[in-house]
Amino acid sequence: MARKRSKNSKSRRFDFRNLPILIGKCILWFFLSTILWVLAYRFINPPFTSLMILRNIERKSDGKTFKTEKDWVKLSEMSDQIKRAAIAGEDQKFIHHWGFDMKAIGRAYSANKEDSTKIKGGSTISQQTAKNVFLWPGRSWIRKGFEAYFTILIEMLWSKQRILEVYLNVIEMGDGIYGAEAASQSYYGKSCRKLNRSEAALIVACFPNPLRWTPSHPTLYIRHRQYLIMRNIRNLGPLKFIKD
């Protein structure tokens, strides 16, 4: 009986010679599943994001009710002003880059190295979309690595129009408020289809920290950001792709 048990235990031992094959299968599964995931969202609107789930967990722990206000609007139906404001305020090279603005990343790295108490971001709209849709919030290098990977995927598999459309429909714009339509309805009582330049610029001015800043009660700093965004909108010139 003892010999039989020893034989069975040996048979149940993991054969490390198969480890490279197992690792290879895991890597292949990861690439195939993520590529199919990104490709699916080229045609299917993301129903929710990890941030939406996380925020609702935080609300519940604070004794609040669940809140997720969002209403998908096609890019072609949105006011041109909110599209221009997003590009002018967050990523002026959006049309031309391949997902990353290396100069902006370099400037952010230098600024954060000089003063680590005030984190300055250099993420493009593509990077923010990858993070918002496919990942979790945070600043770890692991998360940043996945962010770069998904950014490359959406740049390869989506059009610039689709990236901007998804970005403007899922980005956090207030407490339980996601997307341009929900923000426009909440702050101005009208659809994002009718936003003017000033309103759009004020919404985008709050993007860096929508839980701290709100268009309803803009600070002097937010008013200054609004002014800069409106000035940058004028300097953008024609953006024919946003009408497609």
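Modeller: A helix axis here is a line fitted to C-alpha atoms over the stretch in contact, and an angle between two axes runs from 0 to 180 degrees between their N-to-C directions. The model is predicted.

The protein chain has 244 residues, and 41% of them are buried. Its secondary structure consists of 11 helices and 2 strands. In sequence order the pattern reads α-α-α-α-α-α-α-α-β-β-α-α-α. Of the contacts in the chain with a separation of 6 or more, 69% are between residues 24 or more positions apart.

Helix 3 covers residues 50–61. The expected span of a helix is 1.5 Å times one less than its number of residues.

The buried residues of helix 3 are L51, M52, N56 and R59. They cover an arc of only 135° around the axis, and they therefore lie on the same side of helix 3. Exposed residues I57, K60 and S61 sit on the face turned away from that buried side. What do the buried residues of helix 3 pack against? Their partners are helix 8 (160–170), strand 1 (172–174) and strand 2 (177–178).

R59 deserves a separate word. This residue is part of helix 3, and its relative accessible area is 12%. Buried means under 20%, so R59 counts as buried. Apart from its neighbours within four places in sequence, R59 is in contact with K64, T65, F66, K67 and D175. After helix 3 comes G63, which has a positive phi, near 85°.

Helix 6 (residues 125–134) and helix 7 (residues 141–157) have axes 8 Å apart and pack at an angle of about 110°. Angles of 65 to 115 degrees count as roughly perpendicular, and helix 6 and helix 7 are therefore roughly perpendicular to each other. On the helix 6 side the contact is made by S126, Q127, T129, A130, K131 and F134, which meet R143, E147, F150, T151, I154 and E155 in helix 7. Sorted by class, this contact holds 4 nonpolar, 4 polar and 4 charged residues. Helix 6 is mostly covered, with 9 of its 10 residues buried. Among them are I125, N132 and V133.

The other pair is helix 9 (residues 180–188) and helix 10 (residues 197–205), whose axes come within 11 Å and cross at roughly 110°. Helix 9 and helix 10 are therefore also roughly perpendicular to each other. Here A183, S184 and Y188 in helix 9 meet E199, L202 and I203 in helix 10. By class, the residues of this contact are 4 nonpolar, 1 polar and 1 charged.

Helix 9 also contains S186, which is partly exposed, with a relative accessible area of 39%. The C-alpha atoms of S186 and M173 are separated by 9.9 Å, and the two residues are 13 residues apart along the chain.

Definitions and conventions: Residues are numbered from 1 along each chain as its sequence is written. This is a predicted model: local features need pLDDT of at least 70, side-chain atom pairs count only at pLDDT 80 or more; totals for chains, interfaces and linings use all residues. Side-chain values use heavy atoms; hydrogens and water are left out. Helices (H or I, at least four residues) and strands (E, at least two) are DSSP runs, numbered from the N terminus. Angles under 35 degrees count as roughly parallel, over 145 as roughly antiparallel, 65 to 115 as roughly perpendicular and the rest as oblique. Contact means heavy atoms within 4.5 Å. Ala, Val, Leu, Ile, Met, Phe, Trp, Tyr, Cys and Pro count as nonpolar, Asp, Glu, Lys and Arg as charged, and the others, Gly among them, as polar. Buried means under 20% relative accessible area, exposed over 50%, partly exposed in between (1.4 Å probe, protein chains only). The arc is that of the directions from the helix axis to the C-beta atoms.
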